[in-house]
Amino acid sequence: MSKCLCDKCSQIDLYGILAHGVPVEARIPLDSVVNVLSKSTTCSLCLIVLTAVRRTWLLDDYTQADLSGIDLALYSGGNRDLSYLDFAADSGSTPITIHVFYSYIPPEIETAVGPSHSRLPTIQLMAGDAHLFGRSQEGHGRVVEDTLDVSYIKQWLHACESTHGGRCTAPSWATDDELPSSVRMLDVVDMALVPAPPKCRYLSLSYVWGSAAECNHRSYCTNSANLARRSRRCGVELSTLPATISDAVLLARELDERYLWIDALCISQDDPIHKAEQISAMDRIYTRAILTVFAAGGSSANAPLPGFRSGTRVVQQVIEEVQDLHLVVPFPAALDELAQTTWDSRAWTYQEMMLSRRRLFFTPSQVIFECCTD
C-alpha cells in the first residue's frame, strides 16, 4: 500500500515530470537531505529519493558523513538511446528516469566513492507503467527475482551478435592467429576435455580461485594424473567441481553453448610447458570467447554465481508507489558494484575483463551484460 506524501512532495506533479521531462536548469526543488531523511518513514517519494542517495553515495558504509546543508531537487531525462537493439527499435524506446540533483556532495563521501563512481542518484519508472507515457517496457525498472531469467542473457547476446557488427568483434590490436593446438575446452555436453575445435564458439570464465584451503587444496584442477580420464566422455564429474565452476557449466548448457574454457580444468596445472603455452595465448583465449562469465560474487571458487540458483543472492530492491506510479531505485552501475568485490582486487581478473569483448558479470545483487558497444 502506498505511503502518504509530505506537504512538499504532494505539490509535485510527478506525472508531468515524467511525461514532459524537466531539464536540470528547471529542476523541481524537493527539500534538504536531512528533512528527506526525517520524512522517509511516512512519505513514499522521500523514501525513494533517500534510497537513491543512500545507495549511490554508499551512506550505509559511511554513516558519519555530514549531510547538513545539502538541498535536493528533481529533474527528468531519458537514458542513452537504445534504438540499435532489436527489442527497442520503436520511437518510444528511450527509458524514462528521474535524476536527483544535489547542491553539493560531502567531501568524505566524494573521497570514499572515488573518481570513477557514479555520484548521481537515479530513480526508474517501473516497466508496468511505461505504457502510460507511450514507452516500451524494455529498459525500465522490473522486479528482480531470487533467481535470474536466462532468457534475458540470450536476448542480450543475440542483440549484440546480430546488430553490433564490427563494433563488438576483436579489438584492433588482437592477433588473427588461431588458438594454439594445445588449447583444450570443456565439452559441457559430454563433460570431457577436448582439443579446441577450429573456430569453435565457446564461453570463458573469470573468477577468484581463493586459497588452497578454501578450495579443498584445489583437488578439482586438471593435472597429469587425471588428464587421461578427463579426456573421456563423462570424465569430468560435475559433482566434484566447486560451485563457481559447476554453475558456469550449467549456465553454458542453458545458453545452448557446448564449449567452455576454464583455466583450472583446461590447463594441466603440473605441466610447466603446457601451462606456459596457455599463459602466452591468454589474449587470444579471452578475446575469441563469444562471452566471458565473470564470477564477481565471492572470494573463492566455492562461491556460487549469485542468482543462478535459488538462495544464492539477497534481493534488496526498493519499489514505491507515488501518485499511482511505481518507482524503483536501480542497482549500482557495473563499475560501482564491481569496485566493492574481491574479484576487482586481482590484476589477473582485470586483464581478463579488458581482453573480453562481451562480459557477463555476476555480482551480489544483479547480473550485468556489457559489450564493446554498450
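This is a predicted model: local features need pLDDT of at least 70, side-chain atom pairs count only at pLDDT 80 or more; totals for chains, interfaces and linings use all residues.
Residues are numbered from 1 along each chain as its sequence is written, and side-chain values use heavy atoms, without hydrogens and water.

Gly21 has a relative accessible area of 30% and is partly exposed, that is, between buried (under 20%) and exposed (over 50%), with a 1.4 Å probe and protein chains only. Leaving aside residues up to four places away in sequence, Gly21 touches Gly16 and Ser76 (heavy atoms within 4.5 Å). Between Gly21 and Tyr75, the C-alpha to C-alpha distance is 7.2 Å, although 54 residues separate them in sequence.

Seven strands form an open sheet with mixed pairing, in the order β6-β5-β8-β7-β9-β12-β13; a pair requires at least two DSSP bridges. The edge strands β6 and β13 each have a single partner strand, so one side of each lacks a neighbour in the sheet. Strands β12 and β13 run antiparallel and are joined by five bridges. Within this part of the sheet, Arg358 has Cys371 of β13 as its bridge partner.

| Strand | Residues |
|---|---|
| β6 | residues 192-195 |
| β12 | residues 358-362 |
| β13 | residues 367-371 |

How values were computed: Helices (H or I, at least four residues) and strands (E, at least two) are DSSP runs, numbered from the N terminus.
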